[in-house]
Amino acid sequence: MIDTAETIYIPFGGMILAAGLLLAIVAIIIRRLLKAARDRKAGHHHRHEHDWSVPVLDDCSDLDSVFHKWDPRLKIFSILVYCFLVAALTKIIWAFCALIISLAAVKLAKIPFRNTKRRLMAMFGFLGMFLVIMPLTVPTQPGDLLLFFQPIPVPFNVRGLLVAIRIILKAFAIALIMEPLLNTAPLPVTIQALRHLRVPDMICQMILLSHRYIFVFLNEANRMYTGMRVRGFRQKTNLATLHTMGNFLGMLFVSSFNRTQRVYEAMLSRGYNGTFPVYTDFFARPKDWLFGIAWILLGTGLLLLDRTGAFIIW
Amino acid sequence: MHISDGVLPVSITIGTFAATIALTAVGVRKTKDESLPKVAVVTSAFFVASLIHLPLGPTSVHLSLPGLVGVLLGPSAYISIVLGLALQSLLFQFGGITALGANSIMMGIPALMVGWLFKQLKGTTLKSHAIAGALCGFLGTILSVGFLAALLYTGGEDFLGVGKIAFVASLPVSIIEAIIANFTVIFLFKVKPELLK
């Protein structure tokens, strides 16, 4: 098997890689130090230890664009179908096209850059792992291109790198389309649209309640944690830290539960019967249908090109 | 650890979604209206817990708590996991929308298993609760990484290496989760034991 794979030896490649890695590490350390110095100047201590901020899901819902005007039911349905079609792509070139389409959609929906950047950064841990590990661990197949960075004895398989890149392109394309999907209508409207799409009432209520409670609990957690720090608690790698954090979590459960119970009883006494009354009516114009069909056709087209364009190996 | 979009083959993506819809439907039927606040609390806490980083030597790890969710919710755990993951995916892009089915299977089934196990083992004393809690915390995490590795492997032999490394890397995290679950269960047993019923 391995005989049929193409092999290229790169003399001193290992040294070059090591030097590059060293440079990158030094650069990261310098950046950290600079950031810490800046934080100290601005008076933010130990920010990294407890940055629990949660982004707001619908902070751009009051803008105006094609996506904002689109009937939410059709928007959710057609973009979800499109996402699954993109997830099925197998060639880098079409995955790249999907990424371009997503970028265009973000632009069209007038979503600012910081929202998209946040989404992409969040995926970096999982996907970075693929980028590093795949080229080193994929089994060699006939026709693979192996690079040996001498004197490192492990081959660097280019096919593995390409698989990792394909995954990253698809993941980025789908992640970016989430912004035009979710950030172009207020969350209650999106949930209402989900109800019209036959998602059970209980699930919709739970999304709404949990989403609300996340911010309440974070507030609570922050308050508790500040109290702990004021009393001298510092996180270290030891049993005492785990003990404290275990109790912290338990306390978070207890206080949140008591609060939720109270709120729920208050809701019941005001006539809550499992649903919130909503007075938004949806109205699908022919334009909305056309836009939805266009998205699904776009996804289908990409998938067809992907599956039939056998002449493009990537 | 969450699977992101575009990793799994189409058949697995759709299959796990169908399984998740079925399991959620069962969960909805088994969950009574009056336990809704509890499910909402655990879902939000499950979400918030993923933001808490604990130091581990030079790096830090974050909790994922499938074990504790199972312990607290029993048969309703699956709904909580699905909703928590959906919110994490929508707000933070942890895991993708098309991988939601796979991620729910990966954490939800261990949570259900652990919930059942906790009920069998917890006994009536503090000590038996503590031991069952630790075991459930450990199993919840290690089983979900086992599911992660298995799901990745469905993508072909190419992904075996990634799966193995993820599994090994999660061993220390499982131990931390076991200790945290142990302390949390002890705390709840002393302060509000009805949450563990």
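Which residues does A:Gln192 touch, not counting residues up to four places away in sequence? The answer is A:Val278, A:Thr280 and A:Phe282, where touching means heavy atoms within 4.5 Å. A:Gln192 sits in helix α8 (residues 187-196) of chain A and is buried, at a relative accessible area of 11% (buried is under 20%, with a 1.4 Å probe and protein chains only).

This is a predicted model, so local features need pLDDT of at least 70 and side-chain atom pairs pLDDT 80 or more, while totals for chains, interfaces and linings use all residues. Residues are numbered from 1 along each chain as its sequence is written, chains are lettered from A in the order in which they are written, and side-chain values use heavy atoms, with hydrogens and water left out.

Turning to the interface, 66 residues of chain B are in contact with 65 residues of chain A. Between them the two chains bury about 6,000 Å², 81% of it on carbon and sulfur atoms (accessible area, 1.4 Å probe, lost on being put together and summed over both parts). B:Leu91, B:Gln93 and B:Asp158 supply 11% of what chain B buries against chain A, more than any other three residues.

B:Asp158 turns up again in a salt bridge with A:Arg159, the closest N and O atoms being 2.9 Å apart; the rule finds one such bridge across this interface (a side-chain nitrogen of Lys or Arg within 4 Å of a carboxyl oxygen of Asp or Glu).

How values were computed
Helix = DSSP H or I, 4+ residues; strand = E, 2+ residues; numbered from the N terminus. Buried < 20%, exposed > 50% of the residue type's maximum accessible area, 1.4 Å probe, protein only.
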